[in-house]
Amino acid sequence: MGACVGETGLMAQAKKIALYMIIVFVLYTIITSPQRAAEMVQIGFEGISSAAQGVGEFMTQLIK
């Protein structure tokens with residue numbers, strides 16, 4: 001049973017390290033290339049908007 005707790009703690013530690021690495025990468029990208037970072041954010045929001053519009057259209061077609 002002690003091994004399970006150790007593995008769970010190890011996974012939590014790995015997730016925490018991965019999250020820190022992602023945050024550092026995002027900050028580095030924003031600082032070194034703010035124009036490119038802004039473009040990436042805009043592309044992301046456009047993708048989310050398109051997905052939401054697609055879901056809305058799908059739901060509308062289900063109702064008809």
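G56 counts as partly exposed, at 32% relative accessibility. Here buried means under 20% relative accessible area, exposed means over 50%, and partly exposed falls in between, with a 1.4 Å probe and protein chains only. The model is predicted: local features need pLDDT of at least 70, side-chain atom pairs count only at pLDDT 80 or more, and totals for chains, interfaces and linings use all residues. Residues are numbered from 1 along each chain as its sequence is written, and side-chain values use heavy atoms, with hydrogens and water left out.

Start with the whole chain. The protein chain has two helices and zero strands. Both kinds of element are DSSP runs, numbered from the N terminus: helices are H or I with at least four residues, strands are E with at least two. Helix α1 covers residues 2–32, and helix α2 covers residues 34–63.

Now the overall dimensions. The radius of gyration is 20 Å, whereas a compact globule of 64 residues would have one near 11 Å. The radius is taken over C-alpha atoms, and the globule rule is 2.2 Å times the number of residues to the power 0.38. Along the principal axes, the C-alpha atoms fill a box of roughly 55 × 40 × 5 Å. Of the 64 residues, 3% count as buried. The accessible surface comes to about 5,800 Å², and 73% of that belongs to carbon and sulfur atoms. These areas come from the Shrake-Rupley method with a 1.4 Å probe; for residues, only the protein chains shown count as cover.

G56 sits in helix α2. Its C-alpha atom is separated by 38 Å from that of T32, 24 residues away along the chain. F25 and V55 are 30 residues apart in sequence and 31 Å apart in space, C-alpha to C-alpha.

Next, look at helix α1. F25 lies there and counts as exposed, at 52% relative accessibility. T29 is also placed in helix α1, but T29 counts as buried, at 14%. A polar atom of the T29 side chain lies 2.9 Å from the backbone oxygen of F25. Leaving out residues up to four places away in sequence, T29 touches P34 and A37; contact means heavy atoms within 4.5 Å.

The surface holds a nonpolar patch. L19, Y20, I23, L27 and I31 form this patch, with about 540 Å² of accessible area together. Patches are made of residues with over 30% relative accessible area and no salt bridge; like charges are joined within 9 Å, nonpolar side chains (Val, Leu, Ile, Met, Phe, Trp, Tyr) within 5 Å. I23 is partly exposed, at 39%.

Finally, the charges. Side chains of opposite charge can pair when their charged atoms come close. A search of the whole structure finds one salt bridge, that is, a side-chain nitrogen of Lys or Arg within 4 Å of a carboxyl oxygen of Asp or Glu. R36 forms the bridge with E39, and their closest N and O atoms are 3.5 Å apart. Both partners lie in helix α2, three residues apart, about one turn of the helix. R36 is partly exposed, with a relative accessible area of 43%. E39 is partly exposed too, at 33%. E46 is found in helix α2 and is partly exposed, at 45%. E46 and R36 are 10 residues apart in sequence and 15 Å apart in space, C-alpha to C-alpha.

Conventions: A polar contact is a pair of N or O atoms within 3.5 Å; within protein, one must be able to donate a hydrogen and the other to accept it, and residues adjacent in sequence count only if both atoms are side-chain atoms.
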